[in-house]
Amino acid sequence: MPMHVGGLQLFEKPEGAGRSYGREMYESMRDVEEIAPLFLKRPHRSISTAGQLTWVEDEQFDIDHHVRHSALPKPGRIRELLDLSSRLHSTRLAWERPLWEAHVIEGLRDGRVALYTKVHHSLVDGISAMRLVQSTLSPDPDLRDMPPPWDARTRRGRTKAPREQTELSEIPTMALRSALGITAEAAGLPGALIKTISKGVRNETSSLSLYAPRTIFNEKITGSRRFAAQDWPIERLQAIGQATGTTLNDIVLAMCGGAVRRYLLELGALPDTPLVAMVPIGLKAKESHIASTEGGNAVGSVMCQLGTDLEDPIDRLMVIHTAMQDGKEALSTMTPLQIMAMSALGQAPAIAAPMLRMSGLVRPPYNLIISNVPGPRETQYWNGAKLVGHYPLSIPINGMALNITCISYDGNLGFGLIGCRRTVPHLQRLLTYLDGELVALEKAAGV
């Protein structure tokens, strides 16, 4: 269960760039003078940390291990690129080194150059990773000398005071102090817990799901991955939202719900009760900004029924719209600490079942993960190379073999589907079903 998030970016070469541009791009990303502190951290555990994992700086950092140059076999189609990305995403990150990699990939027959990156989720969440990428891009096609995300120059010029260094011997004491410091806020947890469990028992949207059916997605997974990606114009989704009074995120969930319904029907594996998706929700913009500059995560979650038991696409959309409204209203009454505690409660069955070797014996807390990350609205460039596609690769886990993540960029919404190659057969067919579901929603909404 490799726990890293990834991204695949497609760039058009700058005007006048030669055949060696891919090599030049790789060398400019490799040959940096100073690495940003976030990209020097590696995990460490010893007696001095009381057996807990903490971060230390890698004193033997080797940039050649982290920034790599690859080429696709002929004929250099998107199919070969997605296959290579699948294989790269299957490989674990080495714990004795900082937990990130970047691969400059050339050999596409249309001349474009790709960049595949992956970072362990303990360093950044999806929103933080998106902001790291944005910090190194520009809407100016003529701007040059732009550093990659791991260059220390991308972190300079910030007004926030630097964090003090922590001695390893202080960690146990700091943990106790932190626990005591949140006592007042934690006093409200029992009430929030009761409310969450009550909504779960009534099969209503909350951070806890008790009614997710067992599906083929909810089995033990292997380490191998299959990745599929495609994008659609955001204006098509917005037109449906305007006609139905729903949000862009509701349309994304409805597309996914309908696509999964068609996929499971084809395999003769659609359950009678609706599938449940875990939908990550950002806590606060300010906290997400802190996470993006210092690393870390600021995410809660809502368990959303996808209406896969309903044939009509508009009926599914309205079920999803109501579920997400209820979930967001519930989160709005909680503090960030309470949201994260409730979300952790909802995640506990997904984590505990594989650890106790009970996968397949107990009902899953949810069936798949669907998330939507906002990206740049304008066309972006990196040293004159135009970014023409951005697709996320997220994390399947034991009992949750399929993950769908979307990123908006320059008027398009890029879907990245990642799953276990063995547990989710013919995953790429879901792209066809997503397109078919968007068309069905447009027809039903009259747009």
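Two strands count as paired here if DSSP finds at least two bridges between them. Helices (H or I, at least four residues) and strands (E, at least two) are DSSP runs, numbered from the N terminus. This is a predicted model, so local features need pLDDT of at least 70 and side-chain atom pairs count only at pLDDT 80 or more, while totals for chains, interfaces and linings use all residues. Residues are numbered from 1 along each chain as its sequence is written, and side-chain values use heavy atoms, with hydrogens and water left out.

**The six-stranded sheet**

- Let's start with the sheet: it is open, has six strands in the order S4-S5-S6-S1-S12-S11, and its pairing is mixed.
- S4 and strand S11 (381-382) sit at the edges with a single partner strand each, so one side of each has no neighbour in the sheet.
- At the S11 end, two bridges tie S11 to strand S12 (residues 385-393) in an antiparallel arrangement, and Tyr381 stands opposite Lys386 in S12.
- Gln9 belongs to strand S1 (residues 4-12) and is buried, with a relative accessible area of 5% (buried means under 20% relative accessible area, exposed over 50%, partly exposed in between, using a 1.4 Å probe and protein chains only).
- Gln9 and Val388 are 379 residues apart in sequence, yet their C-alpha atoms are 7.7 Å apart in space.

**Around strand S5**

- Strand S5 (residues 100-106) has six of its seven residues buried, so the rest of the structure largely encloses it.
- On one side, strand S4 (residues 67-71) pairs with S5 in the parallel sense over five bridges, with His69 opposite Val104 in S5.
- To get from S4 to S5, the chain passes through helix H3 (residues 78-90), making a right-handed β-α-β crossover (right-handed means that, with the strands pointing away from the viewer, the path from the first strand over the helix to the second runs clockwise).
- S5 also pairs with strand S6 (residues 113-120), antiparallel and through six bridges; here Glu101 stands opposite Lys118 in S6.
- The S5 and S6 hairpin has six residues between the strands, and Gly107 in this hairpin takes a positive phi near 110°.

**Around strand S13**

- Strand S13 (residues 402-409) has eight of its eight residues buried, so it too is largely enclosed by the rest of the structure.
- Leu402, Ile404, Cys406 and Ser408 point one way from S13, while Asn403, Thr405, Ile407 and Tyr409 point the other way, and all are buried.
- Strand S10 (residues 368-373) runs parallel to S13, with five bridges joining them, and Ile369 stands opposite Asn403 in S13.
- Strand S14 (residues 412-420) runs antiparallel to S13 over eight bridges, and Gly419 in S14 is the bridge partner of Leu402.
- The hairpin of S13 and S14 has two residues between the strands.

- As background, most residues other than glycine have a negative phi, and most peptide bonds are trans.
- Asp410, in the loop between S13 and S14, has a positive phi of about 50° although it is not a glycine, and it is partly exposed at 29% relative accessible area.
- Asp145 also has a positive phi, near 60°; it sits in the loop between helix H4 (126-134) and helix H5 (171-181) and is exposed, with a relative accessible area of 60%.
- The peptide bond from Lys74 to Pro75 is cis, with omega near 15°, and Pro75 lies in the loop between S4 and H3.

**Helices**

- The axes of helix H9 (residues 248-266) and helix H13 (residues 429-445) come within 8 Å and cross at roughly 125° (axes are lines fitted to C-alpha atoms, for helices over the stretch in contact, and angles run from 0 to 180 degrees between N-to-C directions).
- That makes H9 and H13 oblique to each other (under 35 degrees counts as roughly parallel, over 145 as roughly antiparallel, 65 to 115 as roughly perpendicular and the rest as oblique).
- Met318 is in helix H11 (residues 313-332) and is partly exposed, with a relative accessible area of 31%.

**Cysteines**

- A search of the whole structure turns up zero disulfides (a disulfide is a pair of cysteine sulfur atoms within 2.5 Å).
- Cys406 is buried at 0% relative accessible area, and its sulfur is 5.5 Å from the closest cysteine sulfur, in Cys256, too far for a bond.
- Cys304 is buried as well, at 0% relative accessibility.
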